[in-house]
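Please walk through this structure with its ligand, its helices and a few single residues in mind.

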Amino acid sequence: MTNRRDLPLERSADLPDHVVENRRHWDATAPQWVANGERNWLREEPEWGIWGIPNSELPLLPDDLSGLRAIELGCGTGYVSAWMRRRGASVYAIDNSEQQLATARRLARLHGLDDIDWVHGNAETVDQPDAGFDFAISEYGAAIWCDPHVWIPEAHRLLRPGGRLVFLGNHPLGMVCTSPTGDAPAGLTLERDYFGLGRLDWTDALDDPGGIEFNMEISSWMRLFRDTGFDVVDYHEIRAPEQAAGTRFWVSADWARRFPAEQAWVVVKR
Ligand SMILES: C[S@@+](CC[C@H](N)C(=O)[O-])C[C@H]1O[C@@H](n2cnc3c(N)ncnc32)[C@H](O)[C@@H]1O
(Lines give C-alpha, C1' and ligand atoms only; values in the text may rest on other atoms or scores of the structure.)
Protein backbone atom coordinates (compact mmCIF):
# COMPACT_ATOMS: atom_id res chain seq x y z
CA MET A 1 0.00 0.00 0.00
CA THR A 2 1.25 3.49 -0.83
CA ASN A 3 1.78 5.63 2.21
CA ARG A 4 0.43 9.12 1.67
CA ARG A 5 3.75 10.45 2.96
CA ASP A 6 5.46 8.84 -0.06
CA LEU A 7 3.36 10.77 -2.52
CA PRO A 8 4.81 13.88 -4.16
CA LEU A 9 4.05 16.91 -2.05
CA GLU A 10 2.61 19.83 -3.98
CA ARG A 11 3.41 23.15 -2.41
CA SER A 12 1.79 26.35 -3.50
CA ALA A 13 2.18 29.74 -1.90
CA ASP A 14 -1.44 30.39 -2.86
CA LEU A 15 -2.99 27.43 -1.09
CA PRO A 16 -3.39 26.89 2.66
CA ASP A 17 -1.65 23.76 3.94
CA HIS A 18 -4.90 21.85 4.51
CA VAL A 19 -5.91 22.44 0.87
CA VAL A 20 -2.53 21.13 -0.33
CA GLU A 21 -2.75 18.07 1.93
CA ASN A 22 -6.38 17.39 0.99
CA ARG A 23 -5.54 17.67 -2.73
CA ARG A 24 -2.85 15.07 -2.29
CA HIS A 25 -5.16 12.86 -0.24
CA TRP A 26 -8.05 13.04 -2.72
CA ASP A 27 -5.91 12.61 -5.83
CA ALA A 28 -4.44 9.49 -4.19
CA THR A 29 -7.74 7.99 -3.04
CA ALA A 30 -9.96 8.97 -5.99
CA PRO A 31 -9.92 5.43 -7.52
CA GLN A 32 -11.64 4.14 -4.35
CA TRP A 33 -14.63 6.45 -4.98
CA VAL A 34 -15.31 5.60 -8.61
CA ALA A 35 -17.79 2.77 -7.94
CA ASN A 36 -19.76 4.87 -5.45
CA GLY A 37 -19.87 7.71 -7.97
CA GLU A 38 -21.07 5.38 -10.73
CA ARG A 39 -23.88 4.05 -8.53
CA ASN A 40 -25.04 7.52 -7.53
CA TRP A 41 -24.96 8.89 -11.08
CA LEU A 42 -27.51 6.18 -11.95
CA ARG A 43 -29.95 7.29 -9.24
CA GLU A 44 -32.87 9.51 -10.14
CA GLU A 45 -33.85 10.06 -6.48
CA PRO A 46 -30.98 11.51 -4.41
CA GLU A 47 -29.80 9.55 -1.38
CA TRP A 48 -27.82 11.26 1.31
CA GLY A 49 -24.89 10.47 3.51
CA ILE A 50 -23.54 7.35 5.08
CA TRP A 51 -26.88 5.54 5.29
CA GLY A 52 -28.30 6.60 1.93
CA ILE A 53 -31.35 8.41 3.31
CA PRO A 54 -33.73 9.18 0.42
CA ASN A 55 -34.41 12.81 -0.44
CA SER A 56 -38.11 12.19 0.34
CA GLU A 57 -37.13 11.67 4.00
CA LEU A 58 -34.27 14.15 4.12
CA PRO A 59 -35.34 16.87 1.67
CA LEU A 60 -32.10 18.65 0.88
CA LEU A 61 -32.66 19.05 -2.86
CA PRO A 62 -35.87 20.65 -4.19
CA ASP A 63 -37.62 18.60 -6.92
CA ASP A 64 -37.57 21.57 -9.27
CA LEU A 65 -34.52 23.77 -9.78
CA SER A 66 -35.60 25.06 -13.18
CA GLY A 67 -33.99 28.32 -14.13
CA LEU A 68 -31.75 28.38 -11.05
CA ARG A 69 -27.98 28.69 -11.05
CA ALA A 70 -26.47 26.16 -8.66
CA ILE A 71 -22.96 25.58 -7.35
CA GLU A 72 -21.55 22.43 -5.74
CA LEU A 73 -18.63 23.12 -3.41
CA GLY A 74 -16.39 20.05 -3.46
CA CYS A 75 -18.28 18.03 -6.07
CA GLY A 76 -16.09 14.90 -6.03
CA THR A 77 -17.43 12.41 -8.55
CA GLY A 78 -20.20 14.85 -9.39
CA TYR A 79 -23.44 12.98 -8.77
CA VAL A 80 -25.03 15.78 -6.71
CA SER A 81 -24.32 18.12 -9.61
CA ALA A 82 -25.97 15.61 -11.95
CA TRP A 83 -29.06 15.48 -9.72
CA MET A 84 -29.24 19.30 -9.78
CA ARG A 85 -28.79 19.46 -13.56
CA ARG A 86 -31.55 16.89 -14.09
CA ARG A 87 -33.80 19.07 -11.87
CA GLY A 88 -33.31 21.97 -14.23
CA ALA A 89 -30.46 24.00 -12.69
CA SER A 90 -27.43 25.23 -14.56
CA VAL A 91 -24.51 23.89 -12.56
CA TYR A 92 -21.00 25.05 -11.66
CA ALA A 93 -19.10 22.29 -9.85
CA ILE A 94 -15.76 22.95 -8.20
CA ASP A 95 -13.38 20.40 -6.69
CA ASN A 96 -9.84 20.45 -5.35
CA SER A 97 -8.86 17.11 -6.92
CA GLU A 98 -8.16 16.66 -10.64
CA GLN A 99 -8.56 12.90 -10.21
CA GLN A 100 -12.04 13.22 -8.72
CA LEU A 101 -12.96 15.62 -11.52
CA ALA A 102 -11.70 13.12 -14.10
CA THR A 103 -14.32 10.66 -12.80
CA ALA A 104 -16.99 13.37 -12.79
CA ARG A 105 -16.21 14.40 -16.37
CA ARG A 106 -16.20 10.80 -17.60
CA LEU A 107 -19.55 10.05 -15.95
CA ALA A 108 -21.04 13.29 -17.27
CA ARG A 109 -20.10 12.24 -20.82
CA LEU A 110 -21.50 8.74 -20.22
CA HIS A 111 -24.82 10.18 -18.96
CA GLY A 112 -25.08 12.83 -21.66
CA LEU A 113 -24.83 15.81 -19.29
CA ASP A 114 -22.30 17.83 -21.22
CA ASP A 115 -23.09 21.31 -19.93
CA ILE A 116 -22.01 21.15 -16.29
CA ASP A 117 -18.95 23.35 -15.59
CA TRP A 118 -16.35 21.14 -13.86
CA VAL A 119 -13.74 23.41 -12.31
CA HIS A 120 -10.49 22.54 -10.55
CA GLY A 121 -10.02 24.82 -7.55
CA ASN A 122 -10.42 25.56 -3.89
CA ALA A 123 -14.01 26.05 -2.68
CA GLU A 124 -12.72 28.54 -0.10
CA THR A 125 -11.94 31.03 -2.90
CA VAL A 126 -14.10 30.57 -5.98
CA ASP A 127 -13.36 32.54 -9.11
CA GLN A 128 -16.96 33.64 -9.63
CA PRO A 129 -18.68 37.01 -9.12
CA ASP A 130 -20.70 38.02 -6.07
CA ALA A 131 -24.35 36.96 -5.84
CA GLY A 132 -24.22 34.85 -9.00
CA PHE A 133 -25.90 31.73 -7.59
CA ASP A 134 -29.36 30.85 -6.26
CA PHE A 135 -28.43 27.57 -4.64
CA ALA A 136 -25.22 26.12 -3.14
CA ILE A 137 -24.66 22.62 -1.85
CA SER A 138 -21.95 20.44 -0.40
CA GLU A 139 -22.21 16.79 0.55
CA TYR A 140 -19.00 15.97 2.41
CA GLY A 141 -17.06 18.41 0.21
CA ALA A 142 -16.35 21.91 1.54
CA ALA A 143 -18.76 20.83 4.30
CA ILE A 144 -15.96 18.96 6.07
CA TRP A 145 -12.70 19.61 4.15
CA CYS A 146 -12.69 23.41 4.15
CA ASP A 147 -12.20 25.87 6.98
CA PRO A 148 -15.74 26.95 7.93
CA HIS A 149 -14.57 30.47 8.79
CA VAL A 150 -13.43 30.80 5.17
CA TRP A 151 -15.83 28.73 3.06
CA ILE A 152 -19.08 29.79 4.77
CA PRO A 153 -18.42 33.51 4.07
CA GLU A 154 -17.35 32.55 0.54
CA ALA A 155 -20.62 30.66 -0.02
CA HIS A 156 -22.45 33.70 1.33
CA ARG A 157 -20.63 35.96 -1.15
CA LEU A 158 -21.49 33.66 -4.06
CA LEU A 159 -25.22 33.50 -3.26
CA ARG A 160 -27.79 36.15 -4.07
CA PRO A 161 -29.88 37.48 -1.15
CA GLY A 162 -32.49 34.78 -0.43
CA GLY A 163 -30.18 32.13 -1.93
CA ARG A 164 -29.91 28.83 -0.09
CA LEU A 165 -26.89 26.88 1.15
CA VAL A 166 -27.36 23.21 2.02
CA PHE A 167 -24.56 21.06 3.37
CA LEU A 168 -24.14 17.66 4.92
CA GLY A 169 -21.20 16.22 6.83
CA ASN A 170 -20.05 14.63 10.04
CA HIS A 171 -21.83 15.54 13.27
CA PRO A 172 -19.45 17.01 15.88
CA LEU A 173 -20.52 14.36 18.41
CA GLY A 174 -19.39 11.66 16.01
CA MET A 175 -15.97 13.29 15.77
CA VAL A 176 -15.67 13.57 19.56
CA CYS A 177 -16.35 9.82 19.85
CA THR A 178 -13.87 8.75 17.15
CA SER A 179 -10.28 7.92 18.03
CA PRO A 180 -7.77 10.46 16.64
CA THR A 181 -5.79 7.52 15.23
CA GLY A 182 -8.80 6.54 13.12
CA ASP A 183 -8.20 2.87 13.98
CA ALA A 184 -11.69 2.04 15.27
CA PRO A 185 -15.28 3.07 14.60
CA ALA A 186 -16.95 5.68 16.79
CA GLY A 187 -17.39 4.32 20.30
CA LEU A 188 -18.82 5.18 23.68
CA THR A 189 -15.71 7.02 24.91
CA LEU A 190 -15.16 10.75 24.52
CA GLU A 191 -11.90 10.69 22.54
CA ARG A 192 -11.31 14.42 22.23
CA ASP A 193 -12.68 17.71 23.53
CA TYR A 194 -15.96 18.98 22.14
CA PHE A 195 -15.05 22.61 22.78
CA GLY A 196 -12.49 23.80 20.27
CA LEU A 197 -13.01 20.83 17.92
CA GLY A 198 -11.76 22.92 14.95
CA ARG A 199 -9.18 21.25 12.75
CA LEU A 200 -9.21 17.44 12.62
CA ASP A 201 -5.87 16.29 11.27
CA TRP A 202 -6.01 12.67 10.09
CA THR A 203 -2.66 12.64 8.32
CA ASP A 204 -1.15 10.36 10.97
CA ALA A 205 -4.25 8.19 11.22
CA LEU A 206 -3.72 4.52 10.47
CA ASP A 207 -6.37 4.33 7.77
CA ASP A 208 -9.20 6.40 6.32
CA PRO A 209 -10.31 9.14 6.36
CA GLY A 210 -6.85 10.80 5.95
CA GLY A 211 -6.45 14.45 5.08
CA ILE A 212 -7.45 17.41 7.24
CA GLU A 213 -11.08 18.02 8.16
CA PHE A 214 -12.89 20.71 10.10
CA ASN A 215 -15.83 20.69 12.45
CA MET A 216 -17.19 22.87 15.24
CA GLU A 217 -19.49 22.92 18.23
CA ILE A 218 -23.11 23.38 17.14
CA SER A 219 -23.17 26.76 18.91
CA SER A 220 -20.15 27.87 16.85
CA TRP A 221 -21.85 26.88 13.59
CA MET A 222 -24.90 28.90 14.70
CA ARG A 223 -22.78 31.91 15.58
CA LEU A 224 -20.86 31.72 12.30
CA PHE A 225 -24.10 31.67 10.30
CA ARG A 226 -25.49 34.64 12.20
CA ASP A 227 -22.27 36.67 11.92
CA THR A 228 -21.89 35.85 8.21
CA GLY A 229 -25.46 36.79 7.33
CA PHE A 230 -27.23 33.44 7.04
CA ASP A 231 -30.52 32.49 8.70
CA VAL A 232 -30.90 28.84 9.69
CA VAL A 233 -33.96 27.31 8.04
CA ASP A 234 -33.41 23.71 9.09
CA TYR A 235 -30.95 21.54 10.95
CA HIS A 236 -31.00 17.74 10.65
CA GLU A 237 -29.25 15.34 13.01
CA ILE A 238 -29.24 12.23 10.86
CA ARG A 239 -30.10 8.88 12.39
CA ALA A 240 -29.31 5.48 10.86
CA PRO A 241 -32.49 3.72 9.67
CA GLU A 242 -33.88 0.66 11.50
CA GLN A 243 -32.79 -1.70 8.72
CA ALA A 244 -29.20 -0.37 8.57
CA ALA A 245 -26.53 -2.87 9.64
CA GLY A 246 -22.77 -3.19 9.91
CA THR A 247 -20.13 -0.48 9.92
CA ARG A 248 -19.69 2.10 7.19
CA PHE A 249 -16.68 4.37 7.04
CA TRP A 250 -16.10 5.36 10.67
CA VAL A 251 -19.38 4.40 12.33
CA SER A 252 -21.59 1.40 13.03
CA ALA A 253 -25.32 1.38 12.39
CA ASP A 254 -25.90 0.55 16.08
CA TRP A 255 -23.97 3.67 17.13
CA ALA A 256 -25.66 5.86 14.55
CA ARG A 257 -29.10 4.76 15.73
CA ARG A 258 -28.26 5.96 19.24
CA PHE A 259 -26.28 9.11 18.43
CA PRO A 260 -26.10 11.50 15.48
CA ALA A 261 -23.18 10.65 13.20
CA GLU A 262 -24.10 13.21 10.56
CA GLN A 263 -25.61 16.66 10.37
CA ALA A 264 -27.18 18.69 7.56
CA TRP A 265 -27.69 22.45 7.65
CA VAL A 266 -30.06 24.46 5.49
CA VAL A 267 -29.36 28.21 5.66
CA VAL A 268 -30.55 31.19 3.65
CA LYS A 269 -28.65 34.37 2.83
CA ARG A 270 -30.28 37.38 4.48
C1 LIG B 1 -16.27 12.65 -0.16
S2 LIG B 1 -16.00 13.68 -1.57
C3 LIG B 1 -17.57 14.44 -1.58
C4 LIG B 1 -18.05 14.79 -2.92
C5 LIG B 1 -19.20 13.99 -3.48
N6 LIG B 1 -20.37 14.09 -2.64
C7 LIG B 1 -18.76 12.57 -3.69
O8 LIG B 1 -18.97 11.75 -2.79
O9 LIG B 1 -18.20 12.27 -4.74
C10 LIG B 1 -14.99 15.03 -0.95
C11 LIG B 1 -14.51 15.95 -2.05
O12 LIG B 1 -14.17 17.21 -1.48
C13 LIG B 1 -13.13 17.72 -2.26
N14 LIG B 1 -12.45 18.82 -1.57
C15 LIG B 1 -11.63 18.76 -0.48
N16 LIG B 1 -11.16 19.98 -0.19
C17 LIG B 1 -11.67 20.83 -1.10
C18 LIG B 1 -11.52 22.22 -1.34
N19 LIG B 1 -10.75 22.99 -0.56
N20 LIG B 1 -12.18 22.76 -2.39
C21 LIG B 1 -12.94 21.99 -3.22
N22 LIG B 1 -13.11 20.67 -3.04
C23 LIG B 1 -12.49 20.10 -2.00
C24 LIG B 1 -12.23 16.53 -2.49
O25 LIG B 1 -11.31 16.73 -3.53
C26 LIG B 1 -13.26 15.44 -2.74
O27 LIG B 1 -13.48 15.25 -4.11
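The model is a predicted one: local features need pLDDT of at least 70, side-chain atom pairs count only at pLDDT 80 or more, and totals for chains, interfaces and linings use all residues. Residues are numbered from 1 along each chain as its sequence is written, and side-chain values use heavy atoms, with hydrogens and water left out.

Start at the ligand. It is surrounded by 18 residues, and the closest are Y79, D95, N122, A123 and E139; a residue is near a molecule if one of its heavy atoms lies within 4 Å of it. By residue class, this shell divides into 7 nonpolar, 9 polar and 2 charged. In that scheme Ala, Val, Leu, Ile, Met, Phe, Trp, Tyr, Cys and Pro count as nonpolar, Asp, Glu, Lys and Arg as charged, and the others, Gly among them, as polar.

For N122, a polar side-chain atom is 2.9 Å from a nitrogen atom of the ligand. These are polar contacts (a pair of N or O atoms within 3.5 Å; within protein, one must be able to donate a hydrogen and the other to accept it, and residues adjacent in sequence count only if both atoms are side-chain atoms). The protein covers 97% of the 590 Å² of accessible area that the ligand has on its own. Accessible areas come from the Shrake-Rupley method with a 1.4 Å probe; for residues, only the protein chains shown count as cover.

Next, the helices. Helices (H or I, at least four residues) and strands (E, at least two) are DSSP runs, numbered from the N terminus. Helix α4 covers residues 98–110, and at 1.5 Å a residue its 13 residues should span 18 Å, which agrees with the 18 Å between its end C-alpha atoms. The expected span is 1.5 Å times one less than the number of residues.

Which residues of α4 are buried? They are Q100, L101, T103, A104, L107 and A108. These residues lie on the same side of α4, because they cover an arc of only 155 degrees around the axis; the arc is that of the directions from the helix axis to the C-beta atoms. On the other side of α4, R109 and L110 are exposed. Buried means under 20% relative accessible area, exposed over 50%, and partly exposed in between (1.4 Å probe, protein chains only).

Helix α6, residues 148–158, has P148, W151, I152, E154, A155, H156 and L158 as its buried residues. Its N-terminal end is capped by D147, which has a side-chain oxygen 2.9 Å from the backbone nitrogen of H149.

Two residues stand out by their backbone angle. Most residues other than glycine have a negative phi. Y140, in the loop between β6 (133–139) and α5 (142–145), has a positive phi of about 60 degrees although it is not a glycine. F249 sits in the loop between β11 (247–248) and β12 (251–252), and its phi is near 55 degrees, again a positive value in a residue other than glycine. F249 counts as exposed because its relative accessible area is 57%.

The remaining residues relate sequence distance to distance in space. G169 belongs to strand β7 (residues 159–170) and is buried, with a relative accessible area of 4%. G169 and I50 are 119 residues apart in sequence, but their C-alpha atoms are 9.3 Å apart. P161 is also in strand β7, and at 53% relative accessibility P161 counts as exposed. Between P161 and D134 there are 8.4 Å, C-alpha to C-alpha, for 27 residues apart in sequence.

C75 is in the loop between β3 (69–73) and α3 (79–86), and it counts as buried at 5% relative accessibility. The C-alpha atoms of C75 and G196, 121 residues apart along the chain, are separated by 28 Å.
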